[in-house]
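Visitor: I'd like to learn how to read a protein model. Could you walk me through one?

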Amino acid sequence: MSRQGHNRENNDTSSPITVIRPLKGWALLNLREIWSYRELLYFLTWRDVKIRYKQTVLGFAWAILQPFLMMVVFTLFFGNLLNVPSQDIPYPLFSYTALLPWTLFSQGITRSSVSLVGNISMVQKVYFPRLILPLSGILAPVIDFAIAFVILVGMMFFYGYAPTVRILMVIPLTLLVFLIASGVGLWLSAINVRYRDVQHAIPFLMQVWLFASPVVYSSSLVPQKYQAIYGLNPMAGVIEGFRWALLGTEPPSSLILISCIVVIVIFITGAYYFRNSEKTFADWV
Amino acid sequence: MSDIAVRVENLGKQYRIGEYVSYQTLRESLMRTITSPFRGRRSQDSDSEYIWALKDVSFEVKQGEVVGIIGRNGAGKSTLLKILTRITTPTEGYAEIIEPVRSLLEVGTGFHPELTGRENIYLNGAVMGMKKREIDRKFTEIVEFSGVEKFIDTPLKRYSSGMQVRLAFAVAAHLEPKVLLVDEVLAVGDAEFQNRSLGKMRDIAGGGRTVLFVSHNMTAILQLCSRAILLDSGKIVGQGDTRNVVSSYLKDSQIPLGEKVFNISDEDNTVELLRAYTMDNNQSIRPDILYKDPFYIAVEYQTASQVDGLRVGLRLHNEQNVPILHTATSDCSNLESLVGAKGAHRVKVQIPGSLLAPGRYYVELGIWSPGVGHHHHITEAVAFEIAGVDVDSVGDEVLRPTLEWDLL
């Protein structure tokens with residue numbers, strides 16, 4: 001399996017060489033290369049964050065408003081009107097806790113799936129590992145997430161749910177969200193280069209996925225016999241995990257396990273599909 | 001690989017053209033798959049043709065060489081650069097380049113209008129491969145070169161297009177790789193900026209750096225490159241000394257450069273125009289003339305019988321179609337009777353060197369006699385290029401004479 005663009009030490013001179021040859025077969029995930037381009041990843045993410053709220057009056061307040069307003073709407077219609085059971089937790093807190101990882105996920109997917117197509121000129125004119133683009137799309141919403149998280153902690157105190165040491169579990173859970181968003185983002189961004197249908201399908205996909213995840217309801221509502229299938233949605237385990245870490249509900253043991261396996265599969269296949277179709281991105285875009 | 005900076009062996013790139021449009025919808029793709037059994041194997045192959053944008057391209061570039069890559073549009077120059085930049089992969093072949101290699105296929109890649117000039121410098125620099133430390137170090141120089149100090153903290157969308165280009169080029173000009181791959185980026189901005197960019201390119205090229213330079217600007221190629229490679233339809237058709245390669249490229253152009261054969265007669269069959277051509281200082285027929293050299297324009301014709309008062313005249317037009325000069329055989333009284341004598345003749349006129357501004361010129365040719373009027377009148381009979389080597393020119397002057405200056 002030959003690798004495009006790998007460096008090797010040269011016998012005569014001290015400088016490494018770039019080798020260029022046709023790529024055949026499946027490309028390895030070149031993590032070392034991505035690490036060497038980490039500054040670019042930082043700059044692209046920084047750019048996305050900076051321009052997101054330019055020329056707006058509310059600026060970063062939007063990061064708080066979006067999940068907050070969603071929570072209000074959900075509380076009114078699902079909590080009050082439909083009386084969806086929320087495991088004895090006040091509905092606003094119940095749904096807001098889920099909205100945080102959800103928003104990070106859906107924002108990450110939405111941005112990364114159009115990251116390649118939206119940076120056409122860069123893809124056509126400069127070399128860098130294309131993986132950086134969807135990755136920057138997934139990292140950018142983390143600022144919004146952090147700000148909204150502060151509000152969440154405030155809400156927790158307000159409703160009398162003081163944080164315990166379990167709050168630390170939020171860290172691995174958030175990393176899991178990144179992993180899920182990355183895996184799906186890699187698949188979608190690569191397919192979207194060739195089939196633009198994808199970017200039109202994303203809003204719809206996110207809508208469906210929202211209701212397939214335990215955001216407005218608890219996963220305990222799902223009948224026992226369907227729990228395993230339900231667990232195939234990786235966000236199911238993560239959201240229940242968030243609720244457990246912050247609000248002390250049931251730990252989502254089996255759900256999380258299935259989620260992790262699904263996530264790893266999606267991520268690895270996504271990365272390989274991406275790297276394989278990377279060689280023709282500039283020709284398609 | 002001792003002192004070789006770039007080695008290319010049998011590089012080839014194949015593209016599919018035809019129905020294979022650059023993006024499809026899933027629906028179209030599915031439809032093709034479903035209907036394919038009905039269309040049969042043969043029709044499926046003919047639906048998409050294959051072309052080789054590059055084939056069997058091999059060459060070596062030594063460290064410190066500045067090599068120009070020239071050719072018509074579609075010859076494969078940009079494809080070659082894209083492969084060497086790793087933006088696209090070759091279909092076959094092999095290439096090696098020493099690190100660090102940077103490429104300049106476009107100025108301002110990554111620029112975002114909502115960010116300030118300062119922010120864009122960092123973003124663009126990072127996109128082109130510079131580390132933050134490097135950008136920090138060169139920041140003041142970059143801003144100075146661009147000339148936009150006053151606006152460095154205003155959003156880029158407030159800049160004029162000229163300012164944006166200057167900023168972009170300023171960042172690009174401060175790349176310091178061992179090998180630089182450049183594609184046509186000098187064709188941006190106004191003439192004054194182009195000149196400054198050329199100057200900067202000269203500095204970059206002179207600094208021991210290896211440069212591969214793709215351009216249509218023959219003046220730039222002649223000024224900067226020690227060697228040139230000529231591509232045509234994806235293959236190398238010429239390699240070597242820049243002047244020779246440029247010359248053969250210009251000769252093959254569709255415009256009659258350097259030489260045009262006519263073999264046409266006038267209405268009365270009295271005067272037959274044979275051919276017209278330009279010659280350099282050494283009397284070799286060539287279309288590219290160095291600025292400081294005098295050169296010749298020659299016209300060959302033959303008369304069936306004596307034509308009294310026959311004169312051959314020509315006017316030179318520059319690329320803006322401004323008539324620059326007019327000269328004719330009638331200016332020289334000693335030639336008067338000889339020009340119209342019966343037989344085959346060749347007249348040539350010497351144009352002084354260090355006079356015409358660099359650029360392309362078109363010769364308007366006329367053969368006239370008082371009795372008949374114009375026997376022949378051809379507006380763009382032949383063209384030639386004055387190469388701006390060793391001369392400082394903005395490129396839009398009518399004349400660029402080298403005159404005497406005094407210091408009193």
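Visitor: What share of the contacts in chain B between residues at least 6 apart in sequence join residues at least 24 apart?

Guide: A contact means heavy atoms within 4.5 Å. Among those contacts in chain B, 71% join residues at least 24 apart. Keep in mind that this is a predicted model, where local features need pLDDT of at least 70, side-chain atom pairs count only at pLDDT 80 or more, and totals for chains, interfaces and linings use all residues. Residues are numbered from 1 along each chain as its sequence is written, chains are lettered from A and ligands numbered from 1 in the order in which they are written, and side-chain values use heavy atoms, leaving out hydrogens and water.

Visitor: How many helices and strands are in chain B?

Guide: Both are DSSP runs numbered from the N terminus: helices are H or I with at least four residues, strands are E with at least two. Chain B has 9 helices and 18 strands.

Visitor: And what percentage of chain B is buried?

Guide: Buried means under 20% relative accessible area, exposed over 50%, and partly exposed in between (1.4 Å probe, protein chains only). Of the 408 residues in chain B, 52% are buried.

Visitor: How do I read a sheet? Which order do the strands take in the open sheet of 5 strands?

Guide: Strands of a sheet pair through backbone hydrogen bonds, either parallel or antiparallel. Here two strands pair if DSSP finds at least two bridges between them. In chain B this sheet runs 12-18-17-14-15, with mixed pairing. Strand 12 (288-290) and strand 15 (323-328) of chain B are at the edges with a single partner strand each, so each has one side without a neighbour in the sheet. Strand 12 of chain B runs parallel to strand 18 (residues 373-387) of chain B, joined by 3 bridges, and B:Ile289 sits opposite B:Ile386.

Visitor: What is the pairing in the open sheet of 4 strands?

Guide: That one, ordered 10-11-13-16 in chain B, is antiparallel. Its edges are strand 10 (259-265) and strand 16 (343-351) of chain B, each with a single partner strand, so one side of each lacks a neighbour in the sheet. Between strand 13 (residues 295-303) and strand 16 of chain B there are 9 bridges, and B:Thr303 faces B:Gly343.

Visitor: Now a helix. Where is the kink in helix 3 of chain A centred?

Guide: The bend at a residue is the angle between axes fitted to the seven residues ending there and the seven starting there. In helix 3 of chain A, the kink of about 35 degrees is centred on A:Thr75. A:Thr75 is also among the buried residues of that helix, which include A:Phe74 and A:Phe78.
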